[in-house]
Amino acid sequence: MDQGAFEGLRVVELAQWVFVPVAGALLADWGADVIRVERPEGDPYRALATQGIGSDAGGVNLSLALANRGKRSVALDLRNERGRAILERLLETADVFLTNFRPGALKRLGLDAESLTERFPRLVYARGNGYGSRGPDAGLPGYDSSAFFARGGLAHVLTPADRDQPIGQRGAMGDRNGAMALAFGMAAALLRRERTGRGSVVDVSLLGMAMWTLSSDLLSAMQGQRPRAMSSREQMPNPLVSSYRTSDGRHIQLVFLQPDRYWPDFCRLIDRPDLIEDPRFVDLAARGKNRTECIAVLDEEFAKRTYAEWKELLAGIDAPWAPVQAVEELLTDPQVLANDYIGEVDEDGLKYTLPTVPVQFDELPPELHRAPEHGEHTESVLLELGYSWEDISDLKDAGALP
C-alpha cells in the first residue's frame, strides 16, 4: 500500500504482556505511530521464557516481536511526577490511548477513562481487560488461560469426558483473538470520531471474547440445553463430518455439511459406486441411523491409501475437506505462501519471519517492521515533544527516565 490505513494517527500504548500490545501492533501494521510506554524495568513479557520462542530462544525474542512490531518504545517512570508530565505531553498528541492496566492503577495515575476523556474529548480510549469494565470482578487480574480459556468455558467444552483434568491451552489464543476485536473496536471508534468529532471508550474483555468464540454452545444453553462435551465420531449424526486415518497414520478431515449432495460423487471417486444406493447409506437419515457401520466402511476405505494419495485423490472432488496438518507443515503450505500469511522482517541488521495479520488490503499484507528495544525511542520522542537535550539530562537526573 502507498499509505497505511492509519497513517498519521498516533496511539499511546500503556500496556504489557500480549492481548493489548498485539492490538497496538495491528494498528502499527497499517501505519499508525504506536508509542508504547514501558516501565523503567521494561515489559515483563520481555523476560518470559516459553516454548523456545521467548527469552530462551537464544536470538530474537519472537513472542515479543510479534506483539510489538512496528512500534516505538519510550521508558518512563510514572511513579515520578515528571514522568507523568511527559506522558501528559504525549497524550496531547494522541488519537488513541490504549491500555490494559487495571482500574485502580489507572485511577491513581489520573489515567482512568473519565479523567482522560474529560481532558481530551476527541481521544479514543481503548482498554482490554480480563472480565469487563463493570461488575464485582472488573478489577481482577486476568490472563487468557484464566479469563478466556478457564472461566470462559473453553476448557470445559474442549476436554473429553473421560479425561480427569482439563486440557491445556495453546499460547495466547484468547489474547491474539481478543486483540483483533480490540483493533476492530478502535477502528470503528476512529471512524465514528470522523463523523461526530467525539472520542469513545472502547472495551474488550477476554471473558467476552470467550463467549463470542463459544456462541454456538451459548445458543444451545440459552435454549435450556446443556452444551455437549467433545463427541466421539460414533456420537455424531453425520459420518461425513469426521476425520479418517490413512494407511500411514495421518488423517483427513471431511466436512460434508450437505452430505446428500456430495455422497454420490464421493463414492464414485473412491471407486465404491455400490455404496450410493446401499439402503444403509442412501441418505442422511439412513447414514445417521447406521453411522457405526458407515464409519467402519469409510475407515476401511481410508486405510487403503496414504495421506499423500488421499490428498491427490480428493483434489478431484469439489467438496469441503482438508488434510489434518502439523503446525510445521503450515510453513511450506503452498496456500499459506501464495497468500503471504508469513512475512519477513528485514531491518537494521535483523532478519526473521513472523505470521502476518490475517487482514489484507488490495490483496497485500502489511510490510512488517521490527519491534523496538526497551526505551529505544525515549530521547527521539521527547525531542519531538519539544524537550531539549538539557531537559532530557535533567529528567534522567530526576528519575523520570531510566
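**Exercise 1.** In which loop does Asp271 lie?

*Solution.* Some ground rules come before the steps. This is a predicted model, where local features need pLDDT of at least 70 and side-chain atom pairs count only at pLDDT 80 or more, while totals for chains, interfaces and linings use all residues. Residues are numbered from 1 along each chain as its sequence is written, and side-chain values use heavy atoms, with hydrogens and water left out.

Step 1: find the elements on either side. Helices (H or I, at least four residues) and strands (E, at least two) are DSSP runs, numbered from the N terminus. Asp271 sits in the loop between helix H11 (259-269) and helix H12 (284-289).

Step 2: check the backbone. Most residues other than glycine have a negative phi. Asp271 is not a glycine, yet its phi is positive, about 65 degrees.

Step 3: check the surface. Buried means under 20% relative accessible area, exposed over 50%, and partly exposed in between (1.4 Å probe, protein chains only). With 61%, Asp271 is exposed.

**Exercise 2.** Now try Asp348: is this residue buried or exposed?

*Solution.* Step 1: the loop between strand E10 (342-347) and strand E11 (350-355) holds Asp348.

Step 1: Asp348 has a positive phi of about 55 degrees, although it is not a glycine.

Step 2: the relative accessible area of Asp348 is 61%, so it counts as exposed.

**Exercise 3.** How many disulfides does the structure hold?

*Solution.* Step 1: recall the idea. A disulfide is a covalent bond between the sulfur atoms of two cysteines; here the test is a pair of cysteine sulfur atoms within 2.5 Å.

Step 1: look at accessibility. Cys267 is buried at 0%, and Cys294 is buried at 1%.

Step 2: give the count. The structure has zero disulfides.

**Exercise 4.** Which strand gives the most to the lining of the second largest pocket?

*Solution.* Step 1: list the contributors.

Step 1: pick the top one. E5 gives the most, with four residues.
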